[in-house]
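Subject: Structure handover

Hello,

Here is the structure I promised to pass on to you. Have a look at it first, and then read on for what turned up.

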Amino acid sequence: MPQSAERVLDHASLFKEPEYEAMFEAKRETFECPHPPDKVQEVADWTKGWAYREKNLDRKALVVNPAKACQPLGAVFAAAGFDGCLSMVHGSQGCVAYYRSHLARHFKEPASAVSTSMTEDAAVFGGLTNLVDGLANAHALYDPKMIAISTTCMAEVIGDDLNSFVIQAKDKGSVPQDFPVPFAHTPAFVGSHVNGFDVMVKAIVANVWESMEGDPTPDGSVNIIPGFDGFAVANNREITRMLDLMGVEHRLICDVSDVFDTPTNGDFQMYAGGTTVEDLKAARDAKGTVSLQQWCSEKTLEMIADTGQQTEALHYPMGVGGTDRFLMAVSAMTGQAIPEALELERGRLVDAMADSQAWLHGRTMAVFGDPDFVHGMTAFLLELGVEPVHCLSTNGGPAWEEKMKALLATSPFGKDTQVWARKDLWHLRSLLATEPAEFVIGSSHGKFLQQDLGVPLIRLTFPIFDRHHHHRFPTLGYQGGLRVLVTVLDAVLDKVDRETEETGISYDLTR
């Protein structure tokens with residue numbers, strides 16, 4: 001064998017050894033009933049043409065590799081952003097394992113959540129007993145300050161009523177009557193993780209506010225809802241830093257920056273940081289609430305607006321214009337001026353963009369991801385002189401499509417851009433095969449487009465599984481814009497190097 005106890009090979013090297021190559025070939029011939037390689041290549045080439053593209057875009061009853069996750073994932077992420085909050089998912093253990101592993105693989109941190117462990121009997125008779133016992137066990141074992149319940153497909157298909165179940169669980173003594181148990185119905189077969197995030201944040205905020213007496217007494221502070229963001233660890237801290245520079249009293253409603261970035265110091269912190277109940281109580285008296293991602297907070301903002309608060313919804317404030325809009329919205333809401341320190345940061349970003357514009361001007365790129373990310377990323381690309389070819393969001397709807405087209409109409413670099421709502425990554429494969437772009441910006445799932453079509457992937461949104469620690473650097477604000485600029489620019493210059501290294505012509509030391 002090619003390895004031993006003294007010589008252990010990584011799988012990437014091990015599977016290239018002759019013994020494994022022979023094993024794989026025997027498996028193909030014996031079990032896979034393969035077609036001849038030339039026939040496989042013929043069909044593969046046909047699927048990259050216009051005839052197949054039209055068939056693919058007409059697809060109605062099948063989704064192939066959607067660029068989204070399900071609602072409970074967003075709810076688990078949202079619950080993690082509150083102090084001492086334990087996420088409980090009413091459903092099967094396998095579903096919860098998926099949410100935890102999805103978050104852990106991206107953040108490289110434990111993602112704590114518990115399950116009511118529904119099985120076949122609960123699917124027939126309902127999951128009341130599971131939830132009653134689950135609440136009692138979770139409260140006793142993990143000592144949370146709050147338990148936030150979401151649901152999976154199984155619980156929603158059979159119609160389990162969380163409100164009734166929580167009342168009965170408290171009556172049976174699973175948790176004290178005054179113990180906070182916010183809940184949100186999050187059917188995984190509709191919507192996406194951004195909807196799950198929204199309804200869970202709304203449920204947690206409402207749970208606290210409904211327990212308060214009297215009317216709100218507005219002060220000069222602001223609330224910030226970051227939204228579902230794979231870069232929240234760094235972005236939340238960057239937003240806080242900018243608002244501190246402005247002298248704005250503020251609080252984040254859902255802050256995962258600590259729980260998904262805990263230190264290795266010998267002490268496991270199951271509940272690290274997060275928005276406290278005291279913060280949430282103070283949030284009711286804020287002058288206004290700013291959401292950094294509209295489509296992650298529609299229901300939450302609607303509830304907050306009903307209290308009389310001002311609300312403002314942005315679209316992932318990236319780059320110069322996006323950050324300008326965020327700071328001006330906060331300034332208008334609070335009366336606080338934007339300080340010179342932030343104006344200097346803005347000027348430095350503009351200077352960096354000018355330094356590199358010759359390498360970015362006219363480059364073509366495709367973008368996929370959540371609706372707010374695609375909007376914010378596209379806006380920054382237009383500022384850089386990049387021409388977006390395709391903008392695709394599986395969980396973006398008609399309203400998102402309309403806003404995208406309005407954004408693209410503001411720039412000559414967006415005049416030929418095509419916007420694709422409710423489309424998946426198999427659609428994007430057809431689009432890139434027939435109307436190519438030089439690069440594709442999205443999540444790790446785009447690496448298979450790179451493998452198949454040779455279009456380099458730039459990883460700038462959740463989930464990023466195959467690279468480490470990107471989420472520790474901001475993408476929002478002027479400082480975040482600089483980081484995104486460098487990331488995009490490195491990809492462009494790496495491609496230039498690859499294309500010129502063979503001949504040596506224009507393989508320059510200075511770019």
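Let me start at the interface of domain 3 and domain 4, where the rule finds one salt bridge. Please keep in mind that this is a predicted model. Arg472 pairs with Asp261 in a salt bridge whose closest N and O atoms are 2.3 Å apart. Polar contacts also cross the interface of domain 3 and domain 4: the rule finds 14 residue pairs, both residues being at pLDDT 80 or more.

Which elements give two or more residues to the side of domain 3 that touches domain 4? They are helix H12 (232–246) and helix H15 (319–334). H15 supplies the largest share of that side, with seven residues.

- domain 1 covers 1–38
- domain 2 covers 71–211
- domain 3 covers 222–343
- domain 4 covers 356–503

The C-alpha centres of domain 3 and domain 4 are 25 Å apart. Their contact draws on 30 residues from domain 3 and 28 residues from domain 4.

As for the size of an interface, it is often given as the accessible area lost when the parts come together. Between domain 3 and domain 4, the buried area is about 2,500 Å², and carbon and sulfur atoms give 65% of it. Three residues stand out here: Phe231, Trp295 and Met318 provide 32% of the area that domain 3 buries against domain 4, more than any other three residues.

Is Thr323 buried or exposed? Thr323 counts as buried, because its relative accessibility is 1% and the cut-off for buried is under 20%. Apart from neighbours within four places in sequence, Thr323 is in contact with Met242, Pro317, Met318, Gly477 and Tyr478.

Finally, take a look at helix H14, which spans residues 298–305. Its buried residues are Thr300, Leu301, Met303 and Ile304. Looking down the axis of H14, you will find that the buried residues fall within an arc of 160°, so they line one face of the helix. As background, an α-helix has 3.6 residues a turn, so residues three or four places apart point the same way. The cover over the buried residues of H14 includes helix H11 (193–209), together with strands E4 (222–225), E6 (288–291) and E7 (310–313).

Enjoy exploring!

Best wishes

Conventions:
Residues numbered from 1 in each chain as written. Predicted model: local features only at pLDDT ≥ 70, side-chain atom pairs only at ≥ 80, totals over all residues. Heavy atoms only, no water. Buried < 20%, exposed > 50% of the residue type's maximum accessible area, 1.4 Å probe, protein only. Helix = DSSP H or I, 4+ residues; strand = E, 2+ residues; numbered from the N terminus. Arc of directions from axis to C-beta. Contact = heavy atoms within 4.5 Å. Domains from an automatic or database assignment. Buried area = accessible area lost by both parts, 1.4 Å probe. Salt bridge = Lys/Arg side-chain N within 4 Å of Asp/Glu carboxyl O. Polar contact = N/O pair within 3.5 Å; in protein donor to acceptor, adjacent residues only side chain to side chain.
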